[in-house]
Amino acid sequence: MQIADNAVVQFHYDVKELDGEVVDSSREEEHPVAYLHGHNNIMPALEQALIGKSAGDKLSVTLEAKDAYGEYQDGAEQRVSLKHLSGADKWAPGMLALVQTEHGARQVKIKKVGKFMATVDLNHPLAGKTLAFDLEVVDVREATADEIEHGHAHGEGGHHHH
């Protein structure tokens, strides 16, 4: 089956900087990533590149920053109470932390640390970078009516309802 709207696609990915350094990968996870095609669940440029592909296909897509994690925005900083940061006991500039926002957990980079507050950079750690995405399609199947109604994949690698 080929990837088209309302297909559930499972794939592995490696994200590399242009010097070849791998900065993100799904291969450490137990299952590949699953998404429902045509429902804005992954970057539009990646979704476009996957149309018509089938299980076993491998492809490489290089995306400019604007099509990947966005341009780097100067001054996207915020002061956050240290108790809202998770991921370490002691913080230092350059470390990555998770901070809970109204949109869920978000990864931020520590810029300055004080006794009670830290200044964090709200840009995605990969913002402003042109990145190469190596994709391997593991499985393609038709979505269930439930998945289409909910707008995302269920089951392994997809969204679980609790």
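How many residues of the lining of the largest pocket are nonpolar, how many polar and how many charged?

Modeller: The model is predicted, with local features needing pLDDT of at least 70 and side-chain atom pairs pLDDT 80 or more, while totals for chains, interfaces and linings use all residues. Residues are numbered from 1 along each chain as its sequence is written, and side-chain values use heavy atoms, without hydrogens and water.

The lining of the largest pocket holds 10 nonpolar residues, one polar and one charged (nonpolar: Ala, Val, Leu, Ile, Met, Phe, Trp, Tyr, Cys and Pro; charged: Asp, Glu, Lys and Arg; polar: the others, Gly among them). A pocket here is an open set of points on a 1 Å grid over the protein atoms alone, where a 1.4 Å probe fits, with protein on both sides within 12 Å along at least five of seven lines; lining residues have an atom within 4 Å of a point. Its volume, the space filled by probe spheres set on points joined across faces, edges and corners, is about 270 Å³.

The lining comprises Phe11, Tyr13, Val15, Asp24, Val33, Asn41, Ile42, Met43, Leu46, Tyr69, Phe133 and Leu135. Two or more of these residues come from each of strand 1 (7–17) and strand 10 (131–142), strands being DSSP runs of E of at least two residues, numbered from the N terminus. Strand 1 contributes the most, with three residues.

For comparison, the second largest pocket contains about 160 Å³ of space, and its lining divides into five nonpolar, two polar and three charged residues.

Methods
Helices (H or I, at least four residues) and strands (E, at least two) are DSSP runs, numbered from the N terminus.
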